[in-house]
Amino acid sequence: MQKPNEIREHILAVEQTKKITGAMEMISSTRMRQVMGHIEFNRRYFIYLRRTMKEILNSSQDITHPYLLKREHGHCTYVVVSGDKGFCGAHNNNVLNFALDRIGKHPKRTLVTLGHSADTFFSAHGVSPDIFLHGIVQDPTLERARDVAQELTDLYEKELTDEVRIIFTSFYGETKRQPVEVRLLPLLLPDYDDIRDVAQMNEIMYHPSAQTVFNEMVPQYVVGLIFGIMVQAYASEHFARMTAMRSATSNARDMISSLRTQYNLVRQSAITNELSEIADAAEILKEANEYD
């Protein structure tokens, strides 16, 4: 049985841990709320952007763009978005195991990782990332999304890859907080099947031409999709960390309560033993005085 001072030290250690997990929960909660506005704004912007692109593609057979061409060589670039840090439950493991399963089915591939945990995970499984993009996931901004887009479009335009897919953790819809895979390039008409109520060409006039407008929209589409993925992954990570830290704080609180109960029992037992020893000593002295 532990001594009272050992239990007291254990209680102090758990209380310090509870303070840390509580602070981490608050930080993750704050960061998640900050990025929620970006997610909703980007989602609405992206809906209108994709609707306009579908309107143009449906209304004219003359629209051309290098990103619309489907190649058949079979080389795929996978971009895997994970967190830089741990303490977020199964968040990183879920998306990374999902990604490992997907890329394992594609022998001709390039692997791009966003997040230190992805680098460590794939290296441990014998799949060395070809491109590391560090410092991106902890502060998702449009500027950083443009940097990632430039890296990926360079690969595609130089014909070093035939397809670009991104694996990340979704934050809304039916796939909320689940790993998902989306195709970034090429742009194919089936990608817009979820867009409804598309206007016809005779209802809209594009200046100077539909082709020029489409050419301007494609880079915005690529950057917007990447930025939306980055903020969703960021929010998902912090939601998972907030949940994990809340659970850890609750467990620490329960442990402290249990330790205090144990401490009181040990103290009570120690006091009882001391009283018994005093009583025994008094009885011995009484008997010794009687003999005298």
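Student: How many of the residues of strand β4 (residues 163-169) are buried?

Tutor: This is a predicted model, in which local features need pLDDT of at least 70, side-chain atom pairs count only at pLDDT 80 or more, and totals for chains, interfaces and linings use all residues. Residues are numbered from 1 along each chain as its sequence is written, and side-chain values use heavy atoms, with hydrogens and water left out.

Seven of the seven residues of β4 are buried, so the strand is largely enclosed by the rest of the structure. Buried means under 20% relative accessible area, with a 1.4 Å probe and protein chains only. A strand here is a DSSP run of E with at least two residues, numbered from the N terminus.

Now take the two sides. In a regular strand the side chains alternate between the two faces of the sheet. In β4, one side carries E163, R165, I167 and T169, and the other carries V164, I166 and F168. Both faces are covered, as the residues on each are all buried.

Next come the neighbours. Two strands pair if DSSP finds at least two bridges between them. Strand β1 (residues 76-81) runs parallel to β4, and five bridges join the two. One of the residues involved is C76, whose bridge partner in β4 is E163. Strand β5 (residues 179-185) is joined to β4 by six bridges, and this pair runs antiparallel. Here F168 has V180 of β5 as its bridge partner.

Methods
Buried < 20%, exposed > 50% of the residue type's maximum accessible area, 1.4 Å probe, protein only. Helix = DSSP H or I, 4+ residues; strand = E, 2+ residues; numbered from the N terminus.
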